[in-house]
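Please look over the model below before reading on.

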Amino acid sequence: MPLTGHGLSSTTLAPAGESPAAQARSVRHHRGIFVRLSPVTLQLTAVFEKVPEGYIAFVEELPGANTQGATLEEARANLDEAVRLVFEANRTLAQEALGTRSVIRERFKITPP
């Protein structure tokens, strides 16, 4: 779909069999030239609390991203997985809700305060 005034379009390009994450990467097309855009690093705040069983953890900015672990390292690894699963679930739910409607999808960057 053209971006107004730029002659650019945004599409997803990924060989068959690539992971959903690879398929979701944005690729810009301009007059026959494809350029893969670099992923944006999103910085969130992880909170860890020591409890008798180990550690509980959550991400302040992302409801639903919470976990636990016997050690701090395990809690960190589990939190990484929880965040990825929340993003994946939200993406899937949004796609299901939109169905076959025509929409514009584009990368969104935010600068932390």
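1. Confidence. pLDDT is the predictor's confidence in each residue, from 0 to 100. For this predicted model, the protein averages a pLDDT of 78, and 63% of the residues score at least 70. Local features need pLDDT of at least 70 and side-chain atom pairs count only at pLDDT 80 or more, while totals for chains, interfaces and linings use all residues. Residues are numbered from 1 along each chain as its sequence is written, and side-chain values use heavy atoms, with hydrogens and water left out.

2. Over residues 1-16, pLDDT stays under 50, and the model has 32 contacts (heavy atoms within 4.5 Å) beyond four places in sequence for them. Residues 23-29 also stay under 50, with 32 contacts beyond four places in sequence. Where pLDDT is low, the predicted coordinates should not be read in detail.

3. Make-up. The protein has 2 helices and 7 strands; these are DSSP runs numbered from the N terminus, helices being H or I of at least four residues and strands E of at least two. The order from the N terminus is β-β-α-β-β-β-β-β-α.

4. Burial and contacts. Of the 113 residues, 13% count as buried, where buried means under 20% relative accessible area, exposed over 50%, and partly exposed in between (1.4 Å probe, protein chains only). Among contacts between residues at least 6 apart in sequence, 18% join residues at least 24 apart.

5. Strands 5 and 6. Strand 5 (residues 46-51) pairs with strand 6 (residues 54-59) in the antiparallel sense, over 6 bridges; pairing requires that DSSP finds at least two bridges between two strands. The hairpin joining strand 5 to strand 6 runs through 2 residues. Val 51 stands opposite Gly 54 of strand 6.

6. Surface patch. Which residues make the nonpolar surface patch of about 530 Å²? They are Leu 42, Leu 44, Phe 87, Phe 108 and Ile 110. Patch residues have over 30% relative accessible area and no salt bridge; like charges are joined within 9 Å, and nonpolar side chains (Val, Leu, Ile, Met, Phe, Trp, Tyr) within 5 Å. A salt bridge is a side-chain nitrogen of Lys or Arg within 4 Å of a carboxyl oxygen of Asp or Glu. Leu 44 lies in the loop between strand 4 (33-36) and strand 5, and is partly exposed at 33% relative accessible area.

7. Phe 87. This residue sits in helix 2 (residues 72-98). Phe 87 counts as partly exposed because its relative accessibility is 33%. Leaving aside residues up to four places away in sequence, Phe 87 touches Leu 42 and Leu 62.

Key
Accessible areas come from the Shrake-Rupley method with a 1.4 Å probe; for residues, only the protein chains shown count as cover.
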